[in-house]
Amino acid sequence: MGKRITAALLAAALAAVSAATAARAGPLLDAAREAESKAAAGDAVGAYDTIRDAFGAFSMTLPFSVGKALFVTEKPKAYGAYAAKPDAVFKPGEVLITYVELIGLNWKPMGDGLEESSFSVDFEISEAGGKVLASQKKFGEFTFTGLKRNQEIFTHLTLDITGAEPGDYVLKYTINDNVSSHFTSFEQTFTVKEK
């Protein structure tokens, strides 16, 4: 008898959770169902387009943030195609190249089906103790225009630190979403070694 009551309670709890999940289902889950239906019907392109468009709309609801930021050894070839620098130690005169992926970048309609996103980047370099040595607003400005809200947005930031004395530094980048007026920052510590 006790096992039947436990099984009945478990079944009722699972039904309640399922009902609550279905009640909370949003556009992303609806799009996934639609995409699966299209894929099952043999419409691979339609399934892909449905998911991509839903993900683009969903991404704009996320807080604007940096998904990944790291020093790299050379200019990245594409989104996710980079060679990470094994350490944050630089020779005098060596440039700092940072690979950056963005999340939650907003897009605005431009007419004729086009969408546009844009962001600017500020930087600040400090000594390890906190004294700011150099800074610049709008160090870089980037604009993307297309027919789709591309979510594989990345950039690389190249900073020439020629003349920096050997020692430890903190590099702070602030990325400003020009469409939403939101911003996000990240820091990278690095060392300039002796000659």
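Okay, let's start with a salt bridge: the side chains of Lys 85 and Glu 94 meet at 4.0 Å, N to O. Keep in mind that this is a predicted model we're looking at. Why can two side chains like that get together at all? Side chains of opposite charge can pair when their charged atoms come close.

So where does Lys 85 sit? Look at the loop between strand E1, residues 65–71, and strand E2, residues 89–90. And is Lys 85 buried or exposed? Its relative accessible area is 17%, and the cut-off for buried is under 20%, so Lys 85 counts as buried.

A polar atom of its side chain lies 2.9 Å from the backbone oxygen of Val 89. If we skip residues up to four places away in sequence, Lys 85 touches Phe 71, Val 72, Thr 73, Phe 90 and Glu 94.

Now, how many salt bridges turn up in the whole structure? The search finds 10. Let's go over to helix H3, residues 44–59. The side chains of Asp 49 and Arg 52 meet there in a salt bridge, 3.0 Å from N to O. These two are three residues apart in the helix, which means about one helical turn separates them. Arg 52 also meets Asp 53 in a salt bridge, at 3.5 Å. On accessibility, Asp 49 is at 26%, Arg 52 is at 24% and Asp 53 is at 39%. Each one counts as partly exposed.

Staying on H3, find Phe 58. Phe 58 is partly exposed, with 33% relative accessible area. Together with Leu 28 and Phe 55, Phe 58 makes a nonpolar surface patch of about 240 Å².

Last stop, strand E8, residues 167–177. Why do I call E8 largely enclosed by the rest of the structure? Because eight of its 11 residues are buried. E8 pairs with strand E5, residues 114–127, in the antiparallel sense over nine bridges, and one of the partner pairs there is Glu 127 with Tyr 169. E8 also pairs with strand E9, residues 183–192, again antiparallel, over 10 bridges. In that pairing, Thr 174 stands opposite Ser 185. E8 and E9 form a hairpin with five residues between them, and if you look in the turn, Ser 181 has a positive phi of about 65 degrees.

Technical notes: Residues numbered from 1 in each chain as written. Predicted model: local features only at pLDDT ≥ 70, side-chain atom pairs only at ≥ 80, totals over all residues. Heavy atoms only, no water. Helix = DSSP H or I, 4+ residues; strand = E, 2+ residues; numbered from the N terminus. Polar contact = N/O pair within 3.5 Å; in protein donor to acceptor, adjacent residues only side chain to side chain. Contact = heavy atoms within 4.5 Å. Buried < 20%, exposed > 50% of the residue type's maximum accessible area, 1.4 Å probe, protein only. Pairing = 2+ DSSP bridges. Patch = residues over 30% accessible without salt bridge, like charges linked within 9 Å, V, L, I, M, F, W, Y side chains within 5 Å. Areas by Shrake-Rupley, 256 points an atom, 1.4 Å probe, with all protein chains shown as cover.
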